[in-house]
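Here is a briefing on a single protein chain. Please keep the sequence and the 3D view open while reading.

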Amino acid sequence: MNGDSLADPLRHALNSAHAHFAIGHAPARRYPPEGAPFAVIDDISEPTLMRLRELLTPGELVYIFNEPPAQMDRLSVGPPLHTFQMLGPEVGAVVETREGEISPILMTPDDAGEMFELITQAFPGFYQPRTYEMGTYYGIRVDGKLVAMAGERLCMTGYRELSGVCTHPGYVGKGYARTLMIRLMGDHAAAGVKSFLHVGKANTRAVAIYERMGFQVLRSIALWPISRVR
């Protein structure tokens, strides 16, 4: 596996570190619906799309990286979500924490309900009740309340995706997201893996923050929403 792994991260994740999550087999596979709304197809032929359809329940939506045909049998496609894929700084160049910053807390299954409630306020649909099982998650609590979190989603040989980065609207501007990301990036550096992430192109504020932390745009990626009609 090489640097091109990030050109198709869903496939490489389900073929390596996340192989135990895979539902189905080639030419169509997916993450569990309670984990992440992602699927992988090897091509856009009708037999492959039929296999994908069999993995979905009526009305269920998943995202794929392949641009699908405009017309499909009992599948519909929505407008793509345009994102930047950004690669973190090299090991040794990870930004340092600031004096006085609140220390992140390792999240556990006992925190799952609070995590889902928090992130659903900011990014409904992508984070599912059991997404936290895909990697390590940290949180920040203020007076016992979970106000910020961040963790890992796609994991593959040599790379870990930063995801689920969010802060409660009443606590933004305090650097909590940065603190959490630095903790995860430090974990990645210690493990000898590289950090990467995906961010919506329209989210210019987040893109600017990530660039200040040393992330660089690697490529543009479109996520295509596919749903089963019936």
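Leu197 makes contacts well beyond its own stretch of sequence: leaving aside neighbours within four places, it meets Phe84, Gln85, Met86, Glu161, Leu162, Met181, Tyr210 and Phe215. The model is predicted. Leu197 is also one of the residues that touch the most other members of the largest nonpolar core.

**Nonpolar cores**

- The largest nonpolar core has 21 residues.
- Leu162, Met181, Leu197, Val199, Tyr210 and Phe215 touch the most other members of that core.
- At least two core residues come from each of strand E8 (137-142), strand E9 (145-156), strand E10 (159-167), helix H4 (176-191), strand E11 (194-200) and helix H5 (204-212).
- Helix H4 gives the most, with six residues.
- Apart from this core lies another, of 19 residues, including Ala13, Phe21, Ala36 and Ile221.
- In soluble globular proteins, nonpolar side chains tend to be buried together.

- His188 lies in helix H4.
- His188 counts as buried because its relative accessibility is 2%, and the cut-off for buried is under 20%.
- Not counting residues up to four places away in sequence, His188 touches Glu152, Arg160, Leu162, Val193 and Ser195.
- Ala39 lies in strand E3, residues 39-41.
- Ala39 counts as buried too, because its relative accessibility is 2%.
- Ala39 touches Leu10, Arg29, Arg30, Leu52, Val62, Tyr63 and Ile64, with residues up to four places away in sequence not counted.
- From Ala39 to Gln85 the C-alpha distance is 18 Å, and the two are 46 residues apart in sequence.

**Backbone points to check**

- Most residues other than glycine have a negative phi, and most peptide bonds are trans.
- The peptide bond from Ala26 to Pro27 is cis, with omega near 15°.
- Pro27 sits in the loop between strand E1 (23-25) and strand E2 (28-30).
- Arg74 has a positive phi, near 60°, although it is not glycine.
- The loop between strand E4 (61-64) and strand E5 (75-77) holds Arg74.
- Asp143 also has a positive phi, near 55°, and is not glycine.
- The loop between E8 and E9 holds Asp143.
- Asp143 counts as exposed because its relative accessibility is 81%.

**Whole chain**

- The protein chain has five helices and 12 strands.
- What does the radius of gyration say about the 230 residues? A compact globule of that length would have a radius near 17 Å, and the chain has 18 Å, so the two agree.
- Along the principal axes, the C-alpha atoms fill a box of roughly 55 × 35 × 30 Å.
- Of the 230 residues, 45% count as buried.
- Of the contacts between residues at least 6 apart in sequence, 70% join residues at least 24 apart.

**Surface and charge**

- The chain exposes about 10,900 Å², and carbon and sulfur atoms supply 52% of it.
- The chain carries 22 positive and 24 negative charges.

Methods. Residues numbered from 1 in each chain as written. Predicted model: local features only at pLDDT ≥ 70, side-chain atom pairs only at ≥ 80, totals over all residues. Heavy atoms only, no water. Core = buried A, V, L, I, M, F, W, Y, C linked by side-chain atoms within 4.5 Å. Buried < 20%, exposed > 50% of the residue type's maximum accessible area, 1.4 Å probe, protein only. Helix = DSSP H or I, 4+ residues; strand = E, 2+ residues; numbered from the N terminus. Contact = heavy atoms within 4.5 Å. Rg over C-alpha atoms; globule rule 2.2 N^0.38 Å. Areas by Shrake-Rupley, 256 points an atom, 1.4 Å probe, with all protein chains shown as cover. Lys, Arg positive; Asp, Glu negative; His and termini not counted. Charge placed at Lys NZ, Arg CZ, Asp CG, Glu CD.
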